[in-house]
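Colleague: Please show me how to read the local features of this model, one at a time.

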Amino acid sequence: MKNVLKQKLKNQEKVLGAFLSINSPSLIEMIAYSGFDYVIIDDEHGAFSASELEGLIRTADGVGITPIVRVSYDPSSIQKALDRGAHGIQVPMVNTKEEAEAVVRQAKFPPLGERGVSYSIRPARYGIDKGSKYLEECNENILVIVHIETEEAAKNFKDIISTKGVDMAFIGSTDLSVNMGYYDDGANALEVKSVIDNLYSIAQESDIWMGTVAANGAQAKDAFLKGSLYVCTVLNGIMANAMRQTVLDSEV
């Protein structure tokens with residue numbers, strides 16, 4: 001398999017994506033045609049069956065946008081996302097190096113991990129691709145992203161990002177701020193900003209890519225300037241804001 005998104009990151013290109021929690025192939029087409037680099041199919045907060053997940057990934061492949069899956073807390077979620085054809089996974093609530101190591105074991109084929117092997121799935125072209133070449137290509141190209149979204153994860157950040165096989169640390173600023181007790185100010189709280197700034201400082205000294213979420217284009221630009229290569233917006237928020245603004249603009 002080839003992963004255009006991972007190659008862009010290796011070239012230090014900034015990439016913009018969108019979280020999708022609605023089962024709509026049409027929305028994936030709109031995301032792609034709008035110029036986003038990737039779509040994150042949100043199996044943590046979204047509601048998708050395995051077949052719906054595969055259908056959305058197939059749509060993304062068809063319109064040339066990289067499909068990433070934010071997995072759920074089901075132990076088999078990583079295996080199912082990758083077997084459906086996801087080019088990468090985002091794993092929420094990774095708080096320790098041991099948890100990061102467990103993610104890598106589930107995402108990588110032997111000898112790098114313990115992912116179960118099947119050659120009769122979409123990524124292997126239903127048996128056309130197999131053996132060491134296929135396994136090595138998957139291990140090389142699958143993007144492994146862990147979420148940093150608790151105080152515990154922030155304290156263990158250096159250990160987490162030192163885990164072999166972890167490509168990126170993704171700052172979940174909403175969960176992080178709530179975990180720190182800032183329910184109203186969120187990521188705007190000075191203490192939360194301080195923690196996030198420290199994470200970026202540590203990352204600059206390490207061989208790790210950083211990612212985060214942004215509510216709009218201006219926030220995405222700020223995140224890129226801060227040091228993220230990988231920034232994503234939330235499609236529900238974009239659509240809801242646009243609809244509310246349309247109603248406001250129509251008032252006479």
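**Charge, cysteines and backbone**

Modeller: Let's start with Glu99, which is partly exposed, with a relative accessible area of 35%. On that scale, buried is under 20%, exposed is over 50% and partly exposed is in between (1.4 Å probe, protein chains only). This is a predicted model, where local features need pLDDT of at least 70, side-chain atom pairs count only at pLDDT 80 or more, and totals for chains, interfaces and linings use all residues. Residues are numbered from 1 along each chain as its sequence is written, and side-chain values use heavy atoms, leaving out hydrogens and water.

Colleague: Which residues gather in the patch of negative charge?

Modeller: A patch takes residues with over 30% relative accessible area and no salt bridge, joining like charges within 9 Å and nonpolar side chains (Val, Leu, Ile, Met, Phe, Trp, Tyr) within 5 Å. A salt bridge puts a side-chain nitrogen of Lys or Arg within 4 Å of a carboxyl oxygen of Asp or Glu. Here, Glu98, Glu99, Glu101, Glu152 and Asp159 form the negative patch on the surface.

Colleague: Which helix gives the largest share of it?

Modeller: Helix H5, residues 97-107, with three residues; Glu99 sits in that helix. Helices are DSSP runs of H or I with at least four residues, strands are E runs of at least two, and numbering goes from the N terminus. Arg105 also lies in H5 and is partly exposed at 36%. Its C-alpha is 6.5 Å from that of Arg115, 10 residues apart along the chain.

Colleague: How many disulfides does the count come to?

Modeller: A disulfide is a covalent bond between the sulfur atoms of two cysteines; the rule is a pair of cysteine sulfur atoms within 2.5 Å. The count is zero. As for the cysteines themselves, Cys138 is buried at 2% relative accessible area, and Cys232 is buried at 0%.

Colleague: And the backbone: what should I look for there?

Modeller: Most residues other than glycine have a negative phi, and most peptide bonds are trans. In this model, Pro110 and Pro111 are joined by a cis peptide bond with omega of about 10°, and Pro111 is in the loop between H5 and helix H6 (131-141).

Colleague: Where does Gln12 lie, and what is its phi?

Modeller: Gln12 is in the loop between helix H1 (4-10) and strand E1 (15-20), with a positive phi near 65°. Arg125 has a positive phi too, about 55°. Arg125 is in the loop between H5 and H6, partly exposed at 46%.

How values were computed:
Areas by Shrake-Rupley, 256 points an atom, 1.4 Å probe, with all protein chains shown as cover. Lys, Arg positive; Asp, Glu negative; His and termini not counted. Charge placed at Lys NZ, Arg CZ, Asp CG, Glu CD.
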